[in-house]
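Here are a few exercises on aromatic contacts. Have a look at the structure first, then work through them.

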Amino acid sequence: QSTQDFHEDLFPDCAGTQPATSAQAWWAGDNQQVGRVSLHPARRPTGTFSSPVIACTDASQGGDASLGDTDRSVSTGRRGCQRGSGCSSPSSLASLGSATTSLSASTGPSSGFASSPSQKSLQSILGPSSRFRHAQGQVLHRDTHLTNLRGLSLTTPGESDGFCANGQRVALPLLAAGGQIAVLELSKPGRLPDAAVPTIQNGAAVVDLSWDPFDPRRLAVAGEDAKIRLWQIPEGGLRETLQEPQAILRGHTEKIYSIRFHPVASHLLVSSSYDMTVRIWELSAGQEALCLQGHTDQIFSLAWSPDGKKLATVSKDNRLRLYEPRCSPQPQQEGPGPEGSRGARLVWVCGGDFILVSGFDSRSERRILLYRARALPEGPLSVLGLDVAPSTLLPFYDEDTSVVFLTGKGDTRVFLYEVTPEPPYFLECNSFTSTEPHKGFVFLPKTACDVREVEFA
């Protein structure tokens with residue numbers, strides 16, 4: 001697509017960084033949603049985001065962070081959806097009217113760029129294709145990378161992304177004793193010194209870690225000792241070793257698998273553990289608020305719905321479960337999950353009406369399954385086999401374009417599919433191939449995208 005226009009279909013208003021409600025109000029039934037912010041350069045709020053992805057003068061920046069291999073660099077990748085190569089100055093783009101869109105109103109969600117009769121007749125033969133099938137991945141210039149990362153821990157379980165990033169900084173588990181975590185500022189790219197950098201001393205091996213979406217300085221870390229520690233990063237980043245957490249959450253009796261912050265309410269965190277429970281924590285009080293029951297085996301993955309009302313889990317007993325924590329600690333629905341027991345991940349898609357699960361079949365083929373969230377017992381609407389590989393596919397979903405990105409630890413390929421609510425459900429896009437295997441896979445917030453480069457993730 002042309003870089004002269006602001007493409008509102010790729011960049012609708014996205015979720016801001018202010019929580020919609022508090023934990024107490026959410027438990028009381030408050031369903032307010034997070035306020036939306038515009039990505040249009042002329043209407044973008046100022047002073048709320050300070051990443052080099054925006055501040056740097058190089059226009060080709062943005063995107064997702066991936067953990068490289070031989071040079072061990074956290075690089076930001078570009079996902080441009082490009083047609084034509086026109087470029088415009090930032091000032092000319094900022095002065096565009098809000099009505100500028102890239103596609104005509106007649107173009108449906110899966111109709112591609114077809115316009116001429118011959119294209120339409122070809123499409124009727126070949127079937128629907130994705131609007132984003134020409135998406136391109138790009139590794140940014142080395143000036144934007146963090147290199148010379150030493151002693152990374154590659155033993156985080158398959159349920160974890162391996163590391164985590166927000167708009168300002170990235171947290172990386174290290175191999176050193178005591179569960180050390182390096183916290184690096186994205187605003188200070190370049191080669192790290194050979195000497196040791198200041199770290200967080202977690203006190204137990206790191207299983208999973210996550211940044212608070214409403215507080216870029218708060219990091220939650222789940223340890224093998226069944227405790228969750230909350231760390232507050234000083235303004236400007238780590239300058240000395242942190243040894244005292246802000247709070248420690250105790251309640252699980254065995255090793256924790258994964259932790260996720262609530263997408264709408266502040267001070268709410270959910271965790272799953274080997275003790276086969278899912279616990280919701282109220283961080284302002286520093287205690288457990290609810291323990292969800294009903295699992296009979298290891299919990300592979302869990303995810304909040306986009307509106308924050310429901311929680312979905314997939315577990316080793318080949319079951320997919322849906323909870324409404326404010327109504328009952330027991331599952332509201334159950335359905336058949338992936339057949340394989342090697343691992344699975346899930347993510348909500350299509351506005352929270354569907355759930356996409358990445359897992360394995362009985363012959364260890366990696367596949368993705370799509371479920372209607374209101375009808376889990378009916379089983380998957382669609383199943384798509386991808387390839388045979390040992391690592392679980394980590395999914396990331398861009399709600400604005402309905403494109404899902406999937407890769408596994410040790411993979412060099414990122415699969416891209418547009419997910420649609422009607423058959424054939426999965427529309428294949430160009431995949432992206434890296435020169436080095438990924439060790440982790442995380443996307444930055446949408447606000448980090450360079451809209452002038454038609455960069456949508």
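Buried means under 20% relative accessible area, exposed over 50%, and partly exposed in between (1.4 Å probe, protein chains only). This is a predicted model, where local features need pLDDT of at least 70, side-chain atom pairs count only at pLDDT 80 or more, and totals for chains, interfaces and linings use all residues. Residues are numbered from 1 along each chain as its sequence is written, and side-chain values use heavy atoms, with hydrogens and water left out.

**Exercise 1.** Classify the pair Y257 and Y274, and say whether Y257 is buried or exposed.

*Solution.* Start with the rule: rings of Phe, Tyr and Trp (its six-membered ring) pair if their centres lie within 6.5 Å; planes under 30 degrees apart are stacked, over 60 edge-to-face, the rest tilted. A search of the whole structure turns up 11 aromatic pairs. For Y257 and Y274, the centres are 4.5 Å apart and the planes sit at 45°, so this pair is tilted. Next, accessibility: Y257 has 1% relative accessible area, so Y257 is buried. Y274 comes out at 36%, which means partly exposed.

**Exercise 2.** Do likewise for F396 and F443.

*Solution.* Their centres are 4.0 Å apart with 10° between the planes, a stacked pair. F396, at 24% relative accessibility, is partly exposed, while F443, at 8%, is buried. Finally, zoom out: F396 and F443 belong to one aromatic cluster with F132, F405, F441 and F456.

**Exercise 3.** Which ring does the charged end of R342 sit over?

*Solution.* The criterion is NZ of Lys or CZ of Arg within 6 Å of the ring centre and within 35 degrees of the ring normal. The ring is that of F360, with its centre 5.1 Å from the charged end of R342.
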